[in-house]
Amino acid sequence: MPKPTTYKFCFGPWNLSEGQDPYGPPTRPVQSFDWKLEQLKALGYDAMMFHDDDAVPDVDNKSDAALKAEAKALKRKLDDAGIVAEIVAPRLWFDPRTVDGAYTSNDPKCRRYAIDRSLRCLDIAAHLDCDLIVLWLAREGSYIRESKNARRCFDYLVQAVDKMLAHHPKMRIAIEPKPNEPMDLAYVPTIGHALALAQLTADPKRVGCLIETAHALLAGLDPADEIDFACAFGKLWSLHLNDQNGLKFDQDKPFGSANLRVAFNQVRALERNGYGRKGEYVAFDVHPFRTTKVEHWTAHLENSRRTFLRLVEKARSFPETEAQSLIADRNYAALDQLVLEHLMGK
Ligand code: GLO
Ligand code: MG
């Protein structure tokens with residue numbers, strides 16, 4: 001029996017958000033990066049995930065030398081805090097040049113910008129001693145199908161990933177699929193799409209995926225099955241656990257908040273695949289509720305990790321022998337109840 005995994009935890013500065021939504025302004029005062037790093041440390045988390053401009057603000061207007069100096073200064077700050085940079089993700093959805101997509105824009109100048117920006121993101125990651133880039137393909141899709149040639153767009157996506165692979169020989173890329181929002185229809189909606197795309201690239205071994213619970217649920221899929229599928233390829237390199245109440249806007253609720261059983265099954269899938277044994281982190285892409293008061297600002301992160309660890313205990317203490325005999329007897333009604341009783345506890 002392998003030793004049980006000791007999980008390592010991670011979140012990003014955006015997970016201490018200030019409460020703005022499309023309908024209203026922030027409900028908590030804007031906080032500095034240093035404050036967010038302090039919270040991460042105080043909560044006992046191990047790593048931070050970054051967008052390129054979380055690491056180097058205003059990245060587009062900085063010279064390569066300035067970018068290097070700022071990234072190295074951040075690396076020293078993280079080292080002093082004993083915190084690792086887990087991933088860096090190019091933020092390709094803010095700039096006006098990405099309004100019609102980044103790698104899949106119809107405008108070649110805009111596609112060029114998206115690639116250049118991504119290569120700088122790889123440089124930042126290298127300065128932070130981080131070898132994993134996350135691509136959330138936010139605007140790669142369409143509002144109306146006729147506006148883009150999807151066939152050509154898949155080629156553009158592969159070409160963009162190939163440029164990144166060529167730019168840095170050790171960097172790995174994890175695609176984070178999401179089926180919709182902000183687009184109506186995204187080109188890479190599921191893990192199956194992400195891993196199929198990886199096979200078309202110049203170095204498929206360096207292209208894997210990141211699963212986010214809410215994104216799988218929005219695609220109408222079970223996140224635990226997505227985890228098993230990605231792990232069957234050895235390609236689950238990062239994880240955004242959270243929760244989602246049905247087919248609504250992307251809610252980024254605390255892990256387990258909407259459906260404890262779905263959360264339990266994700267934890268079981270992670271456990272049976274040995275996720276974390278190669279140094280992978282459990283990241284929570286969760287947000288405080290808009291109503292959250294300043295004094296409760298980090299509760300969603302504390303709670304998500306607590307729920308995760310309680311569910312690890314539940315996964316490890318699951319009455320496996322009893323379950324196996326019910327499975328052998330095809331008595332799934334009893335198996336169903338066994339799971340519920342186990343989750344409810346005494
Ligand atoms: C949004 C995504 C987003 C990404 C982040 C890292 O729906 O989940 O939060 O995870 O930008 O790429
Ligand atoms: Mg995410």
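## Report on a predicted model with a magnesium site

Helix α9 (residues 260-273) comprises 14 residues and reaches 20 Å from its first C-alpha to its last, close to the 20 Å expected at 1.5 Å a residue. The expected span is 1.5 Å times one less than the number of residues. Helices (H or I, at least four residues) and strands (E, at least two) are DSSP runs, numbered from the N terminus.

The model is predicted: local features need pLDDT of at least 70 and side-chain atom pairs count only at pLDDT 80 or more, while totals for chains, interfaces and linings use all residues. Residues are numbered from 1 along each chain as its sequence is written, chains are lettered from A and ligands numbered from 1 in the order in which they are written, and side-chain values use heavy atoms, with hydrogens and water left out.

**Helix α9 and its ends**

At the N-terminal end, Asn-259 caps α9, with a side-chain oxygen 3.2 Å from the backbone nitrogen of Arg-261. Just after α9, Gly-274 takes a positive phi of about 65°.

**The magnesium site**

Which residues coordinate the magnesium ion (ligand 2)? They are Glu-176 (OE), Glu-212 (OE), His-240 (ND1) and Asp-285 (OD), at 2.0 to 2.3 Å. Donors are N, O and S atoms within 2.8 Å of the metal (3.2 Å for Na, K and Ca); water is not among the atoms, so sites may look incomplete. Along the chain, the donors of the ion follow the spacing E-x35-E-x27-H-x44-D. Glu-212 in strand β8 (residues 207-212) and His-240 in strand β9 (residues 236-241) are 28 residues apart, and the pair links distant parts of the chain. Both Glu-212 and His-240 are buried.

The arrangement is octahedral because the 6 donor atoms around the magnesium ion (ligand 2) subtend angles of 82 to 171°. Six donors count as octahedral if opposite donors are over 155 degrees apart and all others between 65 and 115.

**Trp-136 and His-215**

Trp-136 lies in strand β4 (residues 132-136) and counts as partly exposed, at 22% relative accessibility. Not counting residues up to four places away in sequence, Trp-136 touches residues including Glu-176, Pro-182 and His-215; contact means heavy atoms within 4.5 Å. His-215, in helix α7, is buried, with a relative accessible area of 3%.

**Backbone features**

Most residues other than glycine have a negative phi, and most peptide bonds are trans. The peptide bond from Glu-181 to Pro-182 is cis, with omega near 10°, and Pro-182 is found in the loop between β6 (172-176) and β7 (185-186). Two aspartates with a positive phi are listed below.

| Residue | Phi | Relative accessibility |
|---|---|---|
| Asp-129 | near 60° | 64%, exposed |
| Asp-252 | near 50° | 9%, buried |

**Cysteines**

The count of disulfides (pairs of cysteine sulfur atoms within 2.5 Å) comes to 0. Cys-153 is in no disulfide, as the nearest cysteine sulfur, that of Cys-110, is 13 Å away. The sulfur of Cys-209 is 8.0 Å from the closest cysteine sulfur, in Cys-231, and therefore too far for a bond.

Terms used: Four donors count as tetrahedral if all angles lie between 85 and 135 degrees; four count as square planar and six as octahedral if opposite donors are over 155 degrees apart and all others between 65 and 115; anything else is irregular. Buried means under 20% relative accessible area, exposed over 50%, partly exposed in between (1.4 Å probe, protein chains only). A polar contact is a pair of N or O atoms within 3.5 Å; within protein, one must be able to donate a hydrogen and the other to accept it, and residues adjacent in sequence count only if both atoms are side-chain atoms.
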